[in-house]
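Here's a quick briefing to read alongside the model. Have the sequence and the 3D view open as you go.

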Amino acid sequence: FLTGFLDQSWWPDGQYTAPSDEALKFDLDATKMFGFNMVRLHEKVNPERWYYHADRLGIAVFQDMPQKYGGAGVDLQPVFHQEL
């Protein structure tokens with residue numbers, strides 16, 4: 001069975017940007033400490049190091065599709081597609 005939580009990847013000292021690699025690792029270590037083995041990553045793509053730590057710890061990642069909100073024009077579509 002997979003048990004886990006919704007991770008919105010928010011850090012008080014960096015908002016949606018982790019302040020360090022250790023911060024990326026901390027939440028995943030806590031996931032294992034609480035007995036979970038899965039994380040649902042909510043509507044964003046985390047840095048590759050986050051996925052590295054999840055893989056190293058044996059944590060399954062359910063990745064939500066990122067959103068392209070409102071006022072983004074056609075010129076931003078290539079960037080959006082690249083980041084998928």
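Predicted model: local features only at pLDDT ≥ 70, side-chain atom pairs only at ≥ 80, totals over all residues.

Residues are numbered from 1 along each chain as its sequence is written, and side-chain values use heavy atoms, with hydrogens and water left out.

**Overall build**
- You're looking at three helices and three strands, taken as DSSP runs (helices H or I, at least four residues; strands E, at least two) and numbered from the N terminus.
- Starting at the N terminus, the order is β-α-β-α-β-α.
- The C-alpha trace spans about 45 × 30 × 20 Å along its principal axes.

**Surface and contacts**
- Of the 84 residues, 26% count as buried, meaning under 20% relative accessible area with a 1.4 Å probe, protein chains only.
- Contact means heavy atoms within 4.5 Å; among contacts between residues at least 6 apart in sequence, 49% join residues at least 24 apart.

**The α1/α2 pair**
- Helix α1 (residues 21-33) packs on helix α2 (residues 48-57) at an angle of about 30°, and their axes are 9 Å apart; axes are lines fitted to C-alpha atoms over the stretch in contact, and angles run from 0 to 180 degrees between N-to-C directions.
- That angle makes α1 roughly parallel to α2 (the term covers angles under 35 degrees).
- On the α1 side, the contact uses Asp21, Leu24, Lys25, Leu28, Asp29 and Lys32.
- From α2 come Arg49, Trp50, His53, Ala54, Arg56 and Leu57.

Technical notes
Parallel < 35°, antiparallel > 145°, perpendicular 65-115°, else oblique. Buried < 20%, exposed > 50% of the residue type's maximum accessible area, 1.4 Å probe, protein only.
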